[in-house]
Amino acid sequence: MTLNARLLTGLLAITLAGLAVMGLVSALVLRGYLMHRVDEQLQSVPDHAVARLLRPGLPERGVAPAQFVVLVVGPANRVRVLSGDAPNPSRAVTEVERLNRDELNAHARTRTPFSLPGLRAVARPRRNSVIIVASPLGEIHSAVRNLVLSEIATGIILLALLALLGRRLIGRGLRPLGRMAATADAITAGGDLRARMPEPGHRTETARLAAAINVMLERIEQAFWARSRSEARVRAFAADASHELRTPLTAIQGYAELYRHGALGPDELPDAMRRIEDEARRMNRLVTDLLELARLDREASLEPVPTDLVVLARDAVADATATAPDRPIELDAPETLVANVDESRIRQVFTNLLANVCAHTPPGTPATIRLAPGVIEVTDEGPGMSADNAARAFERFHRAGQNAGGTGLGLPIVAAIAAAHGGRADLFSAPSRGTTVRITLPTHPNETPPPPDPA
């Protein structure tokens, strides 16, 4: 059963129950009112009947109004009719004859109305006899029956009108739910997560439901988009990693086969072993970088401690100068700059950035490290990068040129470390204008410079 049918059925059932209760109450009230009037009339009629028996010469016709039956029960329970033929006294005579004398005398003593089948009666004692005045209840039963029949007819008409109007009104109220169901079916069948529920203009329960469903759909769409993007990145990462590992593995396998087949002479063997060692070191660097990225992707817990970034930068400059003494590297930083960071990760950031400068700029190209609260910048005066290469600089395994060295994971590792600290990495470059890599880290109010060395 549809929701429309259930609501309409419930509405009709409640209305029918209300009409039935009202009809029953009105019928009982009407019957009680009519019975009360009959009792009042019955209590006044016996006195009038007794007076007529004692003074029969009065001009009235009969001893009671025509709607009453007047009976006299004698000592031997003989019943005599004092009223006329209308109403018919036969039923009253039959019912009175069924009463025993004691019961009849008890009713006469109490002088209160009592009920007989189809009759309402009152008794009055008179010497050795009892006068009974009875009123048939046919008119009362007919009035109550007519009321009930009219209420039934009226109820049927009301229920029919309510069914027609209620179905239309309920259908109009549930129409937005139907549109929502159609939209949900379209999303389920077609998989279009961009579809949204229609929102009615007025603020109703249906409108709030549509708004809540639209918010849920938007979040589901974002979650699916993020999931598909993550899956695409995983597939691309796996493909790139396989490609990068295939080259050194192919070289190592090729030299091993040459050695096994005896194709390498004594003069060629040292060079082959050197190439195998170079490819093995390349694989080791690649695997190390992949493991580092995997740990950062898993959001491995950092160990942030108050660290002086100036000390780390000076160590990185010293290491790079020892590796490339012909390359001037300048440090632009305050005396101390304390940040709450993971020391080993930030050392890796300096190492990777300076190694990137040394690998992709000509010898002797100056470089500068600038430090400021929440900012680490490494700038070189090299040839710079094209807009396309600059936009893809943080993509894994991306290298600016076919002959560029390295694994293509240095800058992605830097970006992952910055993200793990809650910051970000940006690259600014243009041809012939050098390159700047900026690491932005969150700052904390409680970060203060360490106390000076007592020495």
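## Glu377, a buried residue

In this predicted model, Glu377 has a relative accessible area of 12%, and because residues under 20% are counted as buried, Glu377 is classed as buried. Glu377 has its place in strand 10, which covers residues 375-380.

Leaving aside residues up to four places away in sequence, Glu377 touches Thr368, Ile369 and Arg370, and also Thr436, Val437 and Arg438. With Arg438 there is a polar contact, made between the side chains of Glu377 and Arg438 at 2.6 Å.

## Helix 3 and its two sides

Helix 3 spans residues 101-110, and within this helix Leu104, His107 and Ala108 are buried. When helix 3 is viewed down its axis, these buried residues fall within an arc of 100 degrees, and therefore they line one face of the helix. On the other side of helix 3, by contrast, Asp102 and Arg109 are exposed.

The cover over the buried residues of helix 3 includes strand 1 (69-73) and strand 3 (114-116), together with strand 4 (119-126) and strand 5 (129-136). After helix 3 comes Arg111, a residue with a positive phi, near 55 degrees.

## The chain as a whole

The protein chain contains ten helices and twelve strands, and of its 455 residues 33% are buried.

Notes:
Residues numbered from 1 in each chain as written. Predicted model: local features only at pLDDT ≥ 70, side-chain atom pairs only at ≥ 80, totals over all residues. Heavy atoms only, no water. Helix = DSSP H or I, 4+ residues; strand = E, 2+ residues; numbered from the N terminus. Buried < 20%, exposed > 50% of the residue type's maximum accessible area, 1.4 Å probe, protein only. Polar contact = N/O pair within 3.5 Å; in protein donor to acceptor, adjacent residues only side chain to side chain. Contact = heavy atoms within 4.5 Å. Arc of directions from axis to C-beta.
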